[in-house]
Amino acid sequence: KGKCPEDGWDESTIELFLHELAIMDSNNFLGNCGVGEREGRVASGLVARRHYRLIHGIGRSGDISAVQPKAAGSSLLNKLTNSVVLDIIKQAGVRTVTSCFVVPMATGMSLTLCFLTLRHKRPKAKYIIWPRIDQKSCFKSMITAGFEPVVIENVLEGDELRTDIKAVEAKIKALGAENILCVHSTTSCFAPRVPDRLEELAVICANYDIPHIVNNAYGVQSSKCMHLIQQGARVGRIDAFVQSLDKNFMVPVGGAIIAGFDESFIQEISKMYPGRASASPSLDVLITLLSLGANGYKQLLKERKEMFSYLSSELKKLADNHNERLLDTPHNPISLAMSLKNLDENNDVAVTQLGSMLFTRQVSGARVVPCGAVQTVNNYTFKGFMSHTNAYPCAYLNAASAIGIKKQDVDIFLKRLDKCLKASRKESKNEKCVNEISNSDAGTEQLED
């Protein structure tokens, strides 16, 4: 049926299935005689076993989705993977998606491929409208494709940073719709930024006949992000949405899924990919989904949502204990932010030191964002970089509840964060006292004594 099985398969069944696919490839035929330049020869037996002897990759020189006659097994693997992934995207919330394919590139380069495909449809266009999100790869994806990003600053609503819809429409009018390649929006993001207003953006794109590409990097694991995409496509225009394999399906980095609602456009993107491609990302995600089954994946999504609630409540308690505040970001379903006002007021360096302390204590993924950081990316200077705005009111710390997180992860993180905050406050107080003493004559004499 080309759908993800409801219940996962055991490992021996999956390996049997992969071996059956592998013996359909010509490099594994007993009497094969190869006289071409690409015959699936592998020098290392270890490498061959690592890839289950599926050596030919996927696609042909002109189309990553094309069937390769001498690699029937690898071609079938590719078709099945795309079909199973499409089924999972539908079950995750985007019910009307019609087509998708796995591409052996991470999210940034996959977005670039989408932009390059649109170039042929809109030859006059040179701008991409981009509501700001401080993440380098999605910014560089537009530069690499040869376009000029038009950065739309976010608006602060309470603690949340949200899409400035009026500014988007004003910029479209100012530049001219025919000069704009697309609107490049984002769903999954670090708090206090929240997912873009996809429905409003989709309506604007439909009204002005402008393509709309969505960066859904780790949004498959969030029912809210997937709902936004579904609704955007229902009321307006979304041409493609791109998501990472590693962030959503817990596989090694190196693959993404490009999906959309117009099958012909998704096929155009797949044909834009030059040459054949590695089958490793397709193999990894197929093995994972066959192992989990649809029910297993849904259970992971359920556990992630439960852990988000737990992390939110416990981080709020910790923030209150340290006279800080869990920022109110109800529209962000994955990431949380806690203010660091006390550290920021005492010592500019203390905020970044907290990040270092957490990292050396084996806390990975937590981001500490100071005020006023400046970063230049491809000759464009971002003020307040990492905070998604020029001047956010306070420094803060990010933590996320992503797929696969366990209660133990949350508990250990909170325990170590509590210790680091206490140490940072103590250090800041000591430094403040030393500065006060050194700034007075009596203090100077005491220090000399």
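Two residues are in contact here when they have heavy atoms within 4.5 Å of each other. The model is a predicted one, in which local features need pLDDT of at least 70 and side-chain atom pairs count only at pLDDT 80 or more, while totals for chains, interfaces and linings use all residues. Residues are numbered from 1 along each chain as its sequence is written, and side-chain values use heavy atoms, with hydrogens and water left out.

Leaving aside neighbours within four places in sequence, Asp 239 is in contact with Pro 211, His 212, Ile 213, Ala 259, Gly 260, Phe 261, Phe 265 and Ile 266. Asp 239 lies in the loop between α8 (223-235) and β8 (240-244), where helices (H or I, at least four residues) and strands (E, at least two) are DSSP runs numbered from the N terminus. Asp 239 counts as buried because its relative accessibility is 12%, buried meaning under 20% relative accessible area with a 1.4 Å probe and protein chains only.

Elsewhere, β12 and β13 form a hairpin with two residues between them, and Asn 378 in the turn has a positive phi of about 50 degrees. The two strands run antiparallel and are joined by four bridges, pairing being assigned if DSSP finds at least two bridges.

| Strand | Residues |
|---|---|
| β12 | residues 374-377 |
| β13 | residues 380-383 |

Within this pairing, Thr 376 stands opposite Thr 381 in β13.

Technical notes:
Buried < 20%, exposed > 50% of the residue type's maximum accessible area, 1.4 Å probe, protein only.
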